[in-house]
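Subject: Structure handover

Hello,

Please find the structure below, followed by notes on what was found in it.

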Amino acid sequence: MKKTRRVGPFEVAPIGLGCMNLSHAYGPPPPAEQAERVLLGALDEGYTFFDTGRTPAHRTPRI
């Protein structure tokens, strides 16, 4: 299995950390300090891909 893949100019792990719950999903977001600890902990564990992509719910409807 390939250990990394290219996303734009970056080489990242094929599995990343989904960050949607740190901003708006699944209830109120955690305090900024807690979110920072989660992200820094993920970096310490070797995560190289953080999924921060926008979802369709954030797009302005085009009617």
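Is C19 buried or exposed? C19 counts as buried, because its relative accessibility is 11% and the cut-off for buried is under 20%. Please keep in mind throughout that this is a predicted model.

Overall picture

The protein chain has 1 helix and 4 strands. Read from the N terminus, the order of these elements is β-β-β-α-β. The chain has 63 residues, and 11% of them count as buried. Its exposed surface comes to about 5500 Å², with 59% of that supplied by carbon and sulfur atoms. Taking the contacts between residues at least 6 apart in sequence, 43% join residues at least 24 apart.

The loop between β3 and α1

C19 sits in the loop between β3 and α1. Leaving out residues up to four places away in sequence, C19 touches L39, F50, D51 and T52. The C-alpha atoms of C19 and G53 are 8.6 Å apart, while 34 residues separate the two in sequence.

N21 is also placed in the loop between β3 and α1. With a relative accessibility of 36%, N21 counts as partly exposed. The residues that N21 touches, not counting those up to four places away in sequence, are Y26, P29 and P30. N21 and A35 are 14 residues apart along the chain, and their C-alpha atoms are separated by 9.3 Å.

The helix

Helix α1 covers residues 32-44, which makes 13 residues.

Q34 belongs to helix α1. Its relative accessibility is 38%, so Q34 counts as partly exposed. An α-helix has 3.6 residues a turn, so residues three or four places apart point the same way. After α1 comes G46, which has a positive phi, near 105 degrees.

The loop between β2 and β3

A13 lies in the loop between β2 (10-12) and β3 (17-18). Its relative accessible area is 21%, so A13 counts as partly exposed; the cut-off for buried is under 20%. Setting aside neighbours within four places in sequence, A13 is in contact with K3, T4, T48 and F49. A13 and F49 are 36 residues apart in sequence, yet their C-alpha atoms are 6.1 Å apart in space.

The salt bridge

How many salt bridges does a search of the whole structure find? The search finds 1 salt bridge. R6 forms a salt bridge with E11, and the closest N and O atoms are 3.3 Å apart. Are the two partners buried or exposed? R6 is exposed, with a relative accessible area of 53%. E11 counts as partly exposed, at 41% relative accessibility.

Regards

Terms used
Residues are numbered from 1 along each chain as its sequence is written. This is a predicted model: local features need pLDDT of at least 70, side-chain atom pairs count only at pLDDT 80 or more; totals for chains, interfaces and linings use all residues. Side-chain values use heavy atoms; hydrogens and water are left out. Helices (H or I, at least four residues) and strands (E, at least two) are DSSP runs, numbered from the N terminus. Buried means under 20% relative accessible area, exposed over 50%, partly exposed in between (1.4 Å probe, protein chains only). Contact means heavy atoms within 4.5 Å. Accessible areas come from the Shrake-Rupley method with a 1.4 Å probe; for residues, only the protein chains shown count as cover. A salt bridge is a side-chain nitrogen of Lys or Arg within 4 Å of a carboxyl oxygen of Asp or Glu. The expected span of a helix is 1.5 Å times one less than its number of residues.
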